[in-house]
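Visitor: I have a few questions about the terms used for this chain. Can you take me through them?

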Amino acid sequence: MNARHLPSDETLAGFAAGRLDEGMSLVVAAHVEMNAAAARALREIEAVGGGVLATGEAVPMLTSAEDALARLEREGRDVPAPVRPVERGLPRVLQPYELGRWQPIGLGVALRRVNVPGAEARVFMLRAAPGTRLPEHRHSGHEWTTILSGAYEHEYGRFARGDFDEANENHEHHPHVDAVEGCTCIVALTGEVQFRGWLGRLLQPLVRL
């Protein structure tokens, strides 16, 4: 995790290069849209990448620029981009994606699926009531979170609107939601969530994250 609650340089570089899974990339894109410092860091990484490309040896294109533009125009006509209204308070990057209904998964906690076709990661929004203590847990994969509203804190700091929380199998945490604001966030998850304690183990088969 990063002390400024920004993604690691490795994560931002992967995002800039288009190497991330679509679901993980969506959560980073939401963060970049909401966080000016992340947007600046991304521009710096893209500038460095552009500079590296500029020093490389030119390679002849296999097709003309006119042909490439014509193909893009045809493809754009064939596959119209879906247009969905963006709900108030949500990042614009969510516009192309289908959002499920909020479903309660525990006392004061609700989950909303985000359908990201082709993604390996499971993407969802999580909403927790003020003062909620989520079960202590760790992961067998990655958990990337962008906070959309409110805040929570755990062993690695306090995370508020626009912050990015990046965890993997080396992190174990016990989130405590802000007592006044509550918290809503968007999460991309790979691997499994492994809850600790008797309550967590009781919830495990019900939550199925």
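Guide: The accessible surface of this predicted model comes to about 12300 Å². Carbon and sulfur atoms hold 54% of that surface.

Visitor: How many of the residues count as buried?

Guide: The chain has 209 residues, and 41% of them count as buried.

Visitor: Why is V27 called buried?

Guide: The cut-off for buried is under 20% relative accessible area. V27 has 0% relative accessibility, so V27 counts as buried.

Visitor: Where is V27 found, and what is V27 in contact with?

Guide: V27 sits in helix α2, residues 22-34. Contact means heavy atoms within 4.5 Å. Leaving aside neighbours within four places in sequence, V27 is in contact with W144, T145, T146, F164, I186, V187 and A188.

Visitor: What separates the C-alpha atoms of V27 and P91?

Guide: They are 64 residues apart along the chain, and 10.0 Å separates the two C-alpha atoms. As for the whole chain, take the contacts with a separation of 6 or more: residues 24 or more positions apart account for 65% of them.

Visitor: What makes β5 and β12 a pair?

Guide: Pairing needs at least two bridges between two strands. Three bridges join β5, residues 137-139, to β12, so the two strands pair. They run antiparallel. In one of the bridges, R138 has Q194 of β12 as its partner.

Visitor: Which strands form the open sheet, and what makes a strand an edge strand?

Guide: The order is β9-β5-β12, with antiparallel pairing. The edge strands are β9 (172-173) and β12 (193-195), as each pairs on one side only.

Conventions. Residues numbered from 1 in each chain as written. Predicted model: local features only at pLDDT ≥ 70, side-chain atom pairs only at ≥ 80, totals over all residues. Heavy atoms only, no water. Buried < 20%, exposed > 50% of the residue type's maximum accessible area, 1.4 Å probe, protein only. Areas by Shrake-Rupley, 256 points an atom, 1.4 Å probe, with all protein chains shown as cover. Helix = DSSP H or I, 4+ residues; strand = E, 2+ residues; numbered from the N terminus.
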